[in-house]
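Trainee: I would like to learn how to read a structure of this kind, feature by feature, starting from the overall content and ending with the contact between chains.

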Amino acid sequence: MIRKHSLAIGACLAVLAVGAAHAQANRAEVIHWWTSGGESAAIQEIANGYKAAGGTWVDSAIAGGEPARAAAINRIVGGNPSTAAQFNTSQQFLDIVKGGMLNNVDEVAKKNDWDKILPGPVLKAIKVDGHFYAVPVNIHMPAWFWYSKAAFAKAGVTAEPKTPDEFFATLDKLKAAGVTPVAFGGQPWQEKIVFDALLAHIGGPDLYLKVYKGDQKAIASPEFKNVLASFKKLKNYTDAGAPNRNWNDATSMVISGKAGVQIMGDWAKGEFQAAKQTAGKEFGCFPGFGPKAPYIIAGDVFVFPKTNDAAAIKSQQLLATVMTSPATQVAFNNKKGSIPIRTDVDAKSMDICAQQGIAAMKDVSRQLPNPEMLVAPDIAGALQDVVTKFWNTNQSVDDAVKAVGAAVKG
Amino acid sequence: MLPMLATVLFAYLGTVFWSVRVSVSSSRTLPSSDFVGLAQYTRLFASERWLLSLENVVVFGVIFIVACLVLGFLLAVFIDQKVAGEGVLRTVFLYPYAMSFVATGLIWQWVLNPELGIQSTVRALGFETFTFDWIATQDKVMYAIALAAVWQAAGLVMALMLAGLRGIDDSLWKAARIDGIPTWRVYMSIVLPMLGPSIGTAVVLLSVSVVKVYDVVVAMTQGGPGLASEVPGKFIMDNLFGRSNIGLASAASTVLLLTVLALLTPWMYARARAARNGGHR
């Protein structure tokens, strides 16, 4: 009896659900992990854009990147996928592309000439075998140098460092002035970000790319050893409270002028803004040393799980169009702290750090993909283990070189 | 019984077998159905981080269980002295257990942080050279985590032991007093053996939290500094989600399951024997 009843109820619900789906035009359920204040305000801009284009936005926010991606994949595998799901601009979604579980957005891409307007590294991440499988929405730069103008003034530093040597000289001056030179958050992912920054800026883009492509000769080279040594040298400029420190606690050391520099992604800008500080006034930012410094590119994309439902495909296409339109791009990225994926937008309304970023993006030779675009999540994780071990123990540079060499093999 | 049986079969045994199956495949983000033999296990035991995790969980487990039992027993004995305000004290001691491991970890992270917590407070009082930086030190961080975990779980052991102590008949104490046996001796030689079942329960409960320890580590250190406080649970979770390597994660959880079974089987066998022999006594 009970089973019969529940069957009947289930059937009713199914009918209702189908009815509801028909009632809502272009219904799109979007899984994402933007739950903090600034982030949810940002995704709201995309939702508004989608609604204005005649769609119905169903928000599926899941706190935390890993759980959100796991939920998206579970629903795809379980046969009940969302309309769209967030991933990072990386190889995170490569396996599900290869498993034939995503719809491509070739039509939208061709109509909007993505091949021309999108930066190379992003294109490479979203284009698999000639098809576009993800819609990029922003470009994050994970390794900006943020500094306190007050701390620099106290130490008598007048100009931003233009070379690695000037950078270490600046840190020495800060130390002499009694300021913690580097605001450091000793968590593995933060250590990895700092390491990548030094690899790109001290080792150079060539070495960076070779190391992440698993070139054993480059890994054994004196240049790479120098990068490792410089990375370790940075530890002398951190304080005793650095281990386990959260990134935003490190940022607040720069905000209060207790520390000089923090190497962190552009999301740190939100912390400065929350403390009512303005870029260029109380704090400064530079993406690397000198005007030609490489600009590391990371970011977020949305993918569209495979479905044969014509209505759902229409929603997916509409979402892709809205997400990449110039108006949505500026509105969204202003709130998110990142920069637009296209350089043909009006940057005047953005702050000076974002403007520096857009300027850097216009120079193709400065664009450098972040490690997650170059290696599988598995290898990226193994490398993170190596870096954090090297930073925190007395492991020699030579042993670290061996460990890096083994980790990139997977 | 039938729904229960189905739950056990599908939800427990089914998923166990599924994990074992995945652990001998090359699965990454998605489960695949190929067969690669023991390749994932080879990789697992070549991983420095996994071996370190195993070592750490043993260190943590021994400290945690022993300290919880000793402290819990002492607290129970203390409360059993018919102290004033017993109800209040009992609540105070048990209260940490009502908190999640995550909250515990966060609190202790701040207390133990050398720049914010105990160390800086004592230094501010004038003891400039006072050092208490376990949580930031490679070879002491597991003690820091054990400290937080003991703080949380000792109250539970106290409650279990106290129930056991209350079950001991007053006549026993009177007899001991007439014979002139010192109190500590009564506790050691008579009461403690009588608490056997309580201790057994406590050990089982504590062991379970040792095997699955994850949240307190994530909240306190995220496995750091470096890899110094990595534990198997975190290795599995990281590989399962962040590193999309469910093959390796399943291999790791299978190893963990086998370890638990290897420890549990002799114990259950011994208990079954004891129960049989008990019948003849």
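Trainee: How many helices and strands does chain A have?

Mentor: Before counting, note that this is a predicted model, in which local features need pLDDT of at least 70, side-chain atom pairs count only at pLDDT 80 or more, and totals for chains, interfaces and linings use all residues. Residues are numbered from 1 along each chain as its sequence is written, while chains are lettered from A and ligands numbered from 1 in the order in which they are written. Helices (H or I, at least four residues) and strands (E, at least two) are DSSP runs, numbered from the N terminus. On that basis, chain A has 21 helices and 14 strands, whereas chain B comes to 13 helices and zero strands.

Trainee: What radius of gyration does chain A have, and what would a compact globule have?

Mentor: The radius of gyration is taken over C-alpha atoms, and the globule rule is 2.2 Å times the number of residues to the power 0.38. For 410 residues a compact globule would come near 22 Å, and the 23 Å of chain A agrees with that. Along the principal axes, the C-alpha trace of chain A spans about 80 × 45 × 45 Å, and that of chain B about 75 × 65 × 30 Å.

Trainee: How should I read a sheet, and which strands of chain A form the open sheet of four?

Mentor: Strands of a sheet pair through backbone hydrogen bonds, either parallel or antiparallel. Here two strands pair if DSSP finds at least two bridges between them. The open sheet in chain A has the order E9-E10-E8-E11, with mixed pairing. Strand E9 (180–182) and strand E11 (283–286) of chain A are at the edges with a single partner strand each, so one side of each is left without a neighbour in the sheet. From one strand to the next, the twist averages 20 degrees. Strands E8 (144–148) and E10 (259–264) of chain A run antiparallel and are joined by four bridges, and A:Tyr147 has A:Val261 in E10(A) as its bridge partner.

Trainee: How are two packed helices described, and at what angle do H10(A) and H13(A) cross?

Mentor: Two packed helices are described by the angle between their axes and the distance between the axes. Axes are lines fitted to C-alpha atoms, for helices over the stretch in contact, and angles run from 0 to 180 degrees between N-to-C directions. The axes of H10 (188–203) and H13 (222–233) of chain A come within 9 Å and cross at roughly 130 degrees. That makes H10(A) oblique to H13(A), given that angles under 35 degrees count as roughly parallel, over 145 as roughly antiparallel, 65 to 115 as roughly perpendicular and the rest as oblique.

Trainee: At what angle do H4(B) and H7(B) pack?

Mentor: Helices H4 (86–98) and H7 (141–166) of chain B pack at about 125 degrees, with their axes 7 Å apart, and are therefore oblique to each other.

Trainee: How many residues does each chain give to the contact between chains A and B?

Mentor: Two residues are in contact if their C-beta atoms, placed from the backbone, lie within 7 Å. The contact takes 25 residues from chain A and 27 residues from chain B. On the side of chain A, the elements that give two or more residues are H3 (65–77), H4 (94–98) and H20 (377–392), and H20(A) supplies the largest share, eight residues.
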